[in-house]
Amino acid sequence: MKRLVPTAEMTLGPFFPPEFAVGTNDLAAGVRGEAIEITGRVVQADGRALDNVVLEIWQADAEGRFDNPAFCGWGRAATDSSGIYVFRTIKPGAARGRAPHVNFLLLYSGLMRQLQTVMYFDDSPDPLLESLKERSERLVAKKEVKNRYRFDIRLRGEGETPFFDD
């Protein structure tokens with residue numbers, strides 16, 4: 001009987017071509033609400049940038065509704081060689097029982113699973129933020145200038161962004 005040799009685990013696939021996210025990062029076109037830009041940098045434990053991380057966002061409309069047929073609330077972007085991503089969207093309203101927020105999903109060929117996190121605009125009362133205590137500030141975006149927010153994501157290590165199971 002032939003002995004089988006164990007092999008390494010497979011990484012998450014498929015592997016995305018750079019153009020996979022092109023043209024799907026602008027949610028604000030023709031939609032009612034305050035137009036904003038969300039940008040940030042995705043880094044690994046040692047602070048090095050990650051190229052071609054695919055980020056997807058989903059969010060409520062300006063009134064806090066996820067079911068607005070005029071606003072899909074979903075977008076996709078990929079990081080560049082400096083780890084930078086950009087979304088153009090509208091500032092979401094507060095959904096019932098929640099502070100205004102944007103949900104993030106991250107996919108990368110070296111990850112064994114998809115990662116999910118949430119970005120808030122401030123530290124308004126929210127059950128998820130309140131459950132994190134001292135780590136909650138890692139989920140609050142920095143307002144850089146009017147209508148532009150910065151949300152950096154660290155996958156591991158000191159200052160790691162909190163990630164959540166579905």
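Which side chain does the side chain of Gln59 make a polar contact with? I looked that up before anything else.

**Entry: ground rules.** I am working with a predicted model, where local features need pLDDT of at least 70 and side-chain atom pairs count only at pLDDT 80 or more, while totals for chains, interfaces and linings use all residues. Residues are numbered from 1 along each chain as its sequence is written, and side-chain values use heavy atoms, with hydrogens and water left out.

**Entry: confidence.** I checked pLDDT, the predictor's confidence in each residue from 0 to 100. The protein's mean is 89, and 89% of its residues reach 70 or more. Among its elements, H1 has the lowest mean, 91, and strand S8 (residues 148-150) the highest, 98.

**Entry: Gln59.** I found the answer to my opening question: the partner is the side chain of Thr89, at 2.9 Å. A polar contact here is a pair of N or O atoms within 3.5 Å; within protein, one must be able to donate a hydrogen and the other to accept it, and residues adjacent in sequence count only if both atoms are side-chain atoms. Gln59 sits in strand S2; strands (E, at least two residues) and helices (H or I, at least four) are DSSP runs, numbered from the N terminus. I see that Gln59 is buried, at 2% relative accessible area (buried is under 20%, exposed over 50%, partly exposed in between, with a 1.4 Å probe and protein chains only). Leaving aside neighbours within four places in sequence, its contacts (heavy atoms within 4.5 Å) include Leu27, Phe66, Phe71 and His101.

**Entry: the sheet.** I traced an open sheet of four strands, ordered S3-S2-S5-S6 with antiparallel pairing. S3 (74-78) and S6 are at the edges with a single partner strand each, so one side of each has no neighbour in the sheet. Strands pair if DSSP finds at least two bridges between them; S2 and S5 have six. I also noted that Val54 has Leu107 in S5 as its bridge partner.

**Entry: the core.** I looked at the largest nonpolar core, which has 37 residues, with Phe104 and Ile153 making the most contacts inside it. Such a core is a set of buried Ala, Val, Leu, Ile, Met, Phe, Trp, Tyr and Cys residues joined through side-chain atoms within 4.5 Å. S6 gives the most to this core, four residues. Beyond neighbours within four places in sequence, Ile153 touches Phe104, Leu106 and Phe163, among others.
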